[in-house]
Amino acid sequence: MSDSNAWNARYGETPGMFGEAANEFLMEQAHRLRPGMAALALGDGEGRNGVWLAGQGLDVTALDWSATGMARAAALAAARGVALRAVVADATIWDWPLGQFDLVAWIFVHLPPADRAAVSAGLRHALKPGGLLVLECFSPAQEGRRSGGPRMAELLFTRAIVEQEFAGFEVLVLLEGAVRLDEGPKHQGLAEVVRAVLRKPAI
Ligand SMILES: C[S@@+](CC[C@H](N)C(=O)[O-])C[C@H]1O[C@@H](n2cnc3c(N)ncnc32)[C@H](O)[C@@H]1O
């Protein structure tokens, strides 16, 4: 089962599952960020990525369907002294605003194909022209590894899925391969991932 209750239970049992530091690949994109940019941290869990973006001077909305996760995100933002808009919502049925965000961070959010398509469409709608998507997710080669990720194969990402969901976007980075994760107790060790930075067309 994967729903908001399941995620609330996971965060309840294991605080800091993915650590408090932001995702390394997202942090590597710091040179693309400017203070004042509007960012959406999608499926932001306990807020590590949204809080880091806010610390870079961005105007951040963190969205997750786990109320437990978003309460922790708000607490982490307060502890770091940054502003964060924490939204508890199901991304598949969220009322995605039109042309609102300069950046969407999609970090380890694994969805069934129909949900993934709905969220991708929402994201396409909500990015400004020229806006960026930064994505890291596990790939099928991760199956059987213990360094993180979902058990259901249909939730995993490939380069081809990224190209299909975001057809028409400019590819700035698109890689599928092995990286070493060190993100809290649940993301440790060699892992097979897809990493992407894509830009929505300017018109
Ligand atoms: C593996 S965790 C990653 C959390 C965070 N992005 C990070 O890297 O620390 C996946 C997150 O996606 C959220 N999520 C999954 N499906 C969702 C949906 N339909 N709407 C909103 N959040 C969702 C979960 O609640 C969970 O917090």
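In the predicted model, seven strands form an open sheet with mixed pairing and the order 3-2-1-4-5-7-6. Strands here are DSSP runs of E of at least two residues, and helices are runs of H or I of at least four residues, both numbered from the N terminus; two strands pair if DSSP finds at least two bridges between them. The edges of the sheet are strand 3 (85–88) and strand 6 (170–183), each of which pairs on one side only. From one strand to the next, the twist averages 15°. Strand 6 is joined to strand 7 (residues 187–199) in the antiparallel sense over 13 bridges, and Val 173 has Val 197 in strand 7 as its bridge partner.

The model was treated as predicted: local features need pLDDT of at least 70, side-chain atom pairs count only at pLDDT 80 or more, and totals for chains, interfaces and linings use all residues. Residues are numbered from 1 along each chain as its sequence is written.

The protein has six helices and seven strands, and from the N terminus on its elements run α-α-β-α-β-α-β-β-α-β-α-β-β. The radius of gyration is 15 Å, close to the 17 Å that the globule rule gives for 203 residues, so the protein is as compact as a globular protein of that length. The radius is taken over C-alpha atoms, and the rule is 2.2 Å times the number of residues to the power 0.38. Along the principal axes, the C-alpha atoms fill a box of roughly 45 × 40 × 30 Å.

Helix 5 (residues 113–126) lies across strand 1 (38–42), strand 4 (101–107) and strand 5 (127–138), and runs at about 145° to strand 5. Axes are lines fitted to C-alpha atoms, for helices over the stretch in contact, and angles run from 0 to 180 degrees between N-to-C directions. Contact requires C-beta atoms, placed from the backbone, to lie within 7 Å.

Val 60 is found in strand 2 (residues 59–64). Val 60 counts as buried because it has 30 C-beta neighbours inside 10 Å; the cut-off for a buried residue is 20 or more other C-beta atoms within 10 Å of its own. Beyond its neighbours within four places in sequence, the contacts of Val 60 include Ala 39, Ala 41, Leu 53 and Leu 84.

The ligand is surrounded by 20 residues, the closest being Trp 7, Gly 43, Gly 45, Trp 65 and Ala 91; a residue is near a molecule if its C-beta atom, placed from the backbone, lies within 6 Å of it.

How values were computed
Two residues are in contact if their C-beta atoms, placed from the backbone, lie within 7 Å. A residue is buried if 20 or more other C-beta atoms lie within 10 Å of its own, exposed if 12 or fewer, and partly exposed in between; C-beta atoms are placed from the backbone.
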